[in-house]
Amino acid sequence: MLDRPQPKTVAFEVAFNDWWRSQPGSFRDGISPSAARACFRAGYTAGKNATERRFVFRAGRMRITVWATGPTAAKAKAEMEADFRAAKKGRPVPKTGWQLQEVT
């Protein structure tokens, strides 16, 4: 029983449900649950990665979003993600490497 890995973070659904139930009735009546979920997801993701920034890259037709502390680390993570996605689809990695363009 102690061998099983324990979750390190609270699942999104649990966090959202706790937050939603804690809101006053007037707030819950004034906003749809889907809109509240979208807003909560943005804040939850940004808060979870408080020490990191969000970087978006384009590699061919792929759009790759990574969270990293700086541009160098972000580029390395984006290259790994591009390699993973290409391998998952059975495509080869370009011989010249990935030409990553940061999207602003």
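Visitor: Is Lys88 buried or exposed?

Guide: This is a predicted model, so every value here is computed from it. Start with the relative accessible area, since over 50% counts as exposed. Lys88 has 62%, so Lys88 is exposed.

Visitor: Where does Lys88 lie in the fold?

Guide: Lys88 belongs to helix H4, which covers residues 71–88.

Visitor: Which residues form the positive surface patch?

Guide: Look for Lys and Arg, which count as positive. Here the patch is made of Arg61, Lys88, Lys89 and Arg91.

Visitor: Let me step back to the whole chain. How many helices and strands does the protein chain have?

Guide: The count is 4 helices and 3 strands. Their order along the sequence reads α-α-α-β-β-α-β.

Visitor: Why is the protein chain called more spread out than a compact globule?

Guide: Compare the radius of gyration with the globule rule. For 104 residues the rule gives 13 Å. The chain comes to 19 Å, well over that value, so it is more spread out than a compact globule.

Visitor: What does the C-alpha trace span along its principal axes?

Guide: About 60 × 45 × 30 Å.

Visitor: What share of the residues counts as buried?

Guide: The cut-off for buried is under 20% relative accessible area. Of the 104 residues in the protein chain, 23% count as buried.

Visitor: On to charge pairs. How many salt bridges does the structure hold?

Guide: Check for a side-chain nitrogen of Lys or Arg within 4 Å of a carboxyl oxygen of Asp or Glu. The structure holds 4 salt bridges. One of them joins Arg37 and Glu13, with the closest N and O atoms 3.0 Å apart.

Visitor: Which parts does the Arg37 and Glu13 pair tie together?

Guide: Place each partner in its element. Arg37 sits in helix H3 (residues 33–48), and Glu13 sits in helix H1 (residues 12–22). The two are 24 residues apart in sequence, so the pair ties together separate parts of the chain. Arg37 is partly exposed, at 28% relative accessible area. Glu13 is also partly exposed, at 39%.

Visitor: Which residue forms a salt bridge with Arg21?

Guide: The partner is Asp18, and the closest N and O atoms are 3.5 Å apart. Count the spacing next. Both residues lie in helix H1, 3 residues apart, about one turn of the helix. Arg21 counts as exposed, at 58% relative accessibility. Asp18 is partly exposed, with 45%.

Visitor: What separates Glu81 and Arg85 along helix H4?

Guide: About one helical turn, because they are 4 residues apart in that helix. Glu81 and Arg85 form a salt bridge as well, their closest N and O atoms being 2.9 Å apart. Glu81 is partly exposed, with a relative accessible area of 27%. Arg85 is partly exposed too, with 24%.

Visitor: How many residues apart in sequence are Pro94 and Asp83?

Guide: Read two separations for such a pair, one along the chain and one through space. In sequence, Pro94 and Asp83 are 11 residues apart. In space, they are 9.4 Å apart, C-alpha to C-alpha.

Conventions
Residues numbered from 1 in each chain as written. Predicted model: local features only at pLDDT ≥ 70, side-chain atom pairs only at ≥ 80, totals over all residues. Heavy atoms only, no water. Patch = residues over 30% accessible without salt bridge, like charges linked within 9 Å, V, L, I, M, F, W, Y side chains within 5 Å. Areas by Shrake-Rupley, 256 points an atom, 1.4 Å probe, with all protein chains shown as cover. Charge placed at Lys NZ, Arg CZ, Asp CG, Glu CD. Buried < 20%, exposed > 50% of the residue type's maximum accessible area, 1.4 Å probe, protein only. Rg over C-alpha atoms; globule rule 2.2 N^0.38 Å.
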